[in-house]
Amino acid sequence: MVTAADSPYIHCEDLFKIYKTEELEVVALRGLDLRVQAGEMMAIVGASGSGKSTLLNILSGLDQPSAGRVTVGERDLLTVTDDDLVDYRRSEVGFVWQQTGRNLIPYLTALQNIEVPMILEGRSRREARERAEYLLNEVGLAEKAKRKPNELSGGEQQRVAIGVALANNPPLLLADEPTGELDSATADEVFQVFRRLNESTGVTIVIVTHDREITSRVDRVVAMRDGRTSTEIVHYVQFARGEGEITEEFAVVDRTGRLQIPREYLDELGIDRRARVEIEHDRVEVRPEKPPTDSQPPWKRP
Ligand code: ADP
Ligand code: MG
């Protein structure tokens, strides 16, 4: 039986994004699959150019996919109307960018920056002030309310940016390399703020990063490679055997049975274009195509 609890909050299936420029086409997403449950805090990692920002821009409603399926909550982002997309961007998602300068208005204080999205939504000044104070406290900057961005450190600016992104209480928070310009101690503080807000408000958080250390700070890490999700690292606690927290890495298998085999494995076994795939008791074996000599086709036998 399929219940609401089974259906993911974010669901991408066989998602494609093709950028067309005058001379060439770039396939930035090629059949990406991803499921994120409501309330999850997860990360997407991958080399530069693997399609992470493309995915986040689609999830934030800034860019439209070319084909496939992408739903967030009840909305289908492939067929959404322009009006509904405006509504989606205003009420459903908050966004934190890598460049601190892109998140904040330089001549406004930290408190005023958080108030802006609420005032644009037509909330009263008093209401906006109260919520901005609450959020500033949540990100640990209550005492720096009157500072302007250039009077705050990079990490503090990103924490204010998280407050701005959550001003209108969206159920989804997306962050594209939010700590990319920060040192690791400062990055840690920013991740702690994400974690605290995830736990206290239940907001679903997707963070893109190329920092592999993120693994220890989130529930699940999905790795992207060439426009697809290739592996997933999951933590779980094994109480029964008293083994504590376990971390395992899995290959992602899509609905049509495709999975990505790491390039190094293919190179090592000399697998190219075709492979033998067989079921062996409890496992599936993938072997090079080249057959053993005694099983050569008749026309090749001596
Ligand atoms: P990442 O964030 O993982 O570094 P991106 O999503 O930015 O990767 O880019 C994925 C691929 O799509 C890259 O090859 C990039 O050059 C290309 N790309 C991204 N945006 C555009 C665009 N607006 N026009 C053309 N190509 C793009
Ligand atoms: Mg990027």
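Me: Where does His281 sit?
Reply: In this predicted model, His281 belongs to the loop between β12 (275-280) and β13 (283-288). Helices (H or I, at least four residues) and strands (E, at least two) are DSSP runs, numbered from the N terminus.

Me: What is the phi of His281, given that it is not a glycine?
Reply: His281 has a positive phi of about 50°. Most residues other than glycine have a negative phi.

Me: And is His281 buried or exposed?
Reply: His281 counts as exposed, at 76% relative accessibility. Buried means under 20% relative accessible area, exposed over 50%, and partly exposed in between (1.4 Å probe, protein chains only).

Me: What about Glu177, which also has a positive phi?
Reply: Glu177 is not a glycine either, and its phi is about 45°. Glu177 is placed in the loop between β7 (172-176) and α7 (184-201). With a relative accessible area of 12%, Glu177 is buried.

Me: Changing topic: which residues surround ligand 1?
Reply: The shell consists of Tyr19, Val26, Ala28, Ala47, Ser48, Gly49, Ser50, Gly51, Lys52, Ser53 and Thr54. A residue is near a molecule or strand if one of its heavy atoms lies within 4 Å of it.

Me: How do the residues of that shell divide by class?
Reply: There are 4 nonpolar, 6 polar and 1 charged. Ala, Val, Leu, Ile, Met, Phe, Trp, Tyr, Cys and Pro count as nonpolar, Asp, Glu, Lys and Arg as charged, and the others, Gly among them, as polar.

Me: Which polar side-chain atom lies 2.8 Å from an oxygen atom of ligand 1?
Reply: That atom belongs to Lys52. A backbone N or O atom of Gly49 lies 2.7 Å from an oxygen atom of the ligand, and a polar backbone atom of Gly51 is 3.1 Å from an oxygen atom of ligand 1. The protein covers 61% of the 560 Å² of accessible area that ligand 1 has on its own. Such areas come from the Shrake-Rupley method with a 1.4 Å probe; for residues, only the protein chains shown count as cover.

Me: Which elements give two or more residues to the shell around ligand 1?
Reply: They are β2 (25-36) and α1 (52-59). The largest share, 3 residues, comes from α1.

Me: How many cavities of 30 Å³ or more are found in the whole structure?
Reply: The search finds 1, and about 50 Å³ of space lies in the largest cavity. On a 1 Å grid over the protein atoms alone, a cavity is a set of points where a 1.4 Å probe fits but cannot get out; lining residues have an atom within 4 Å of a point. Grid points are joined across faces, edges and corners, and a volume is the space filled by probe spheres set on the points.

Me: Which residues line the largest cavity?
Reply: The lining is formed by Glu13, Asp14, Asp33, Asp254, Arg255, Thr256 and Arg258. By class it has no nonpolar, 1 polar and 6 charged residues.

Me: Which side chains does Glu13 contact?
Reply: Polar contacts join the side chain of Glu13 to that of His11 at 3.4 Å and to that of Arg255 at 3.0 Å. A polar contact is a pair of N or O atoms within 3.5 Å; within protein, one must be able to donate a hydrogen and the other to accept it, and residues adjacent in sequence count only if both atoms are side-chain atoms. Glu13 lies in strand β1 (residues 10-20) and is buried, with a relative accessible area of 13%.

Me: What conventions apply to the numbering and the values?
Reply: Residues are numbered from 1 along each chain as its sequence is written, while chains are lettered from A and ligands numbered from 1 in the order in which they are written. Local features need pLDDT of at least 70, side-chain atom pairs count only at pLDDT 80 or more, and totals for chains, interfaces and linings use all residues, while side-chain values use heavy atoms, with hydrogens and water left out.

How values were computed
1 Å grid on protein atoms, 1.4 Å probe; cavity = no way out; pocket = protein on both sides within 12 Å on 5 of 7 lines; lining within 4 Å.
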